[in-house]
Amino acid sequence: MSKKIGDVILDVHNISLRFGGVKALTDISFNVREHEVRAIIGPNGAGKSSMLNCINGVYQPQEGSISFRGQTFKHMNSRQVAEMGIARTFQNLALFKGMSVIDNIMTGRNLRIKSNIFAQAFRNPFGIGGAQKEEEANREFVEHIIDFLEIQAFRKTPVGTLPYGLQKRVDLGRALAMEPQVLLLDEPMAGMNLEEKQDMSRFILDVNDEFGTTIVLIEHDMGVVMDISDRVVVLDYGKKIGDGTPEEVRNNEEVISAYLGTSH
Ligand SMILES: Nc1ncnc2c1ncn2[C@@H]1O[C@H](COP(=O)(O)OP(=O)(O)O)[C@@H](O)[C@H]1O
Ligand SMILES: [Mg+2]
């Protein structure tokens, strides 16, 4: 592998999460290195989405801690985590269906803009004119993302009318508009046909390459996982049963038996 993987950027330490009597996650630890594509796999109900929800502040685990660039963060809500540089797409799309592609991606940009209100004040000491310049720069950035994701033809199209595969791409664009350091993707290829999966795989690798974004990815398709990830965490019934390179994980007995009899 030619790309350079860096130091640990995200460290998940002994996380346990319960919903009443349901143990969604039990004592999970793993790390993510800068510039890595890190996959989380496991059967349905294994705790994968819950894990991402703990990282981005949607759920507060009862035990354990998570640190980002060496700083432990606790009790942060999802907006605060986003402002720190961790963006997220959801298993079920959370786009504004009636709004155009460009406006949806702009909502991601706006989240970032609000977070940088002080920086903005310094960048824009000339009031309205400066704000307009900032708005122009943001539009330009969004256009760059639209070009990058090859969705120019649909810029003005209401998102709800697009095929599912393209909607997923817009969702990725909205997360990218935040210029995240870490991007959490929850089943970005679910419900896609083979060609759409190949396209999405290529975009994820290009984001990783061109923007240097660290990627944490939940994915069911083992072929995709083997192709694009550097390291893989395997969850089963809320426990970690494997962690290593795709090759190591594929040959792990416990992982093989967890997957036997499942459709994944
Ligand atoms: N908000 C919630 N309330 C109650 N139980 C939940 C909630 N979220 C997840 N769970 C439970 O936690 C377990 C793990 O779910 P989830 O993280 O969605 O798994 P996966 O994404 O691997 O399919 C499941 O048993 C699920 O029913
Ligand atoms: Mg899930």
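Predicted model: local features only at pLDDT ≥ 70, side-chain atom pairs only at ≥ 80, totals over all residues.
Local features were considered at pLDDT of at least 70 and side-chain atom pairs only at pLDDT 80 or more, whereas totals for chains, interfaces and linings use all residues. Residues are numbered from 1 along each chain as its sequence is written, and chains are lettered from A and ligands numbered from 1 in the order in which they are written.

An open sheet of six strands has the order β6-β7-β8-β3-β9-β10, with mixed pairing. Strands (E, at least two residues) and helices (H or I, at least four) are DSSP runs numbered from the N terminus, and two strands pair if DSSP finds at least two bridges between them. The edges are formed by β6 (86-89) and β10 (239-244); each has a single partner strand, so one side of each is left without a neighbour in the sheet. The twist averages 15 degrees from one strand to the next, with axes taken as lines fitted to C-alpha atoms, for helices over the stretch in contact, and angles running from 0 to 180 degrees between N-to-C directions. Helix α1 (residues 48-55) packs on this sheet, touching β3 (37-41), β6, β7, β8 and β9 (231-236), and its direction makes about 150 degrees with that of β7.

Four bridges link β3 and β9 in the parallel sense, and I41 stands opposite V234 in β9. β9 and β10 pair in the antiparallel sense over five bridges, with D236 opposite K239 in β10. These two strands form a hairpin with two residues between them, and Y237 in the turn has a positive phi of about 50 degrees. Five of the six residues of β9 are buried, so β9 is largely enclosed by the rest of the structure. A residue is buried if 20 or more other C-beta atoms lie within 10 Å of its own, exposed if 12 or fewer, and partly exposed in between, with C-beta atoms placed from the backbone.

Four strands form a second open sheet, in the order β2-β1-β4-β5, with antiparallel pairing. Here β2 and β5 (71-73) stand at the edges with a single partner strand each, so one side of each is left without a neighbour in the sheet. The twist averages 25 degrees from one strand to the next. Three bridges join β4 (residues 63-68) to β5, and S67 is partnered by T72. α1 also lies across β1 (8-19), β2 and β4, at about 65 degrees to β2.

L162 lies in the loop between α5 (128-148) and α6 (164-176).

How values were computed
Contact = placed C-beta atoms within 7 Å.
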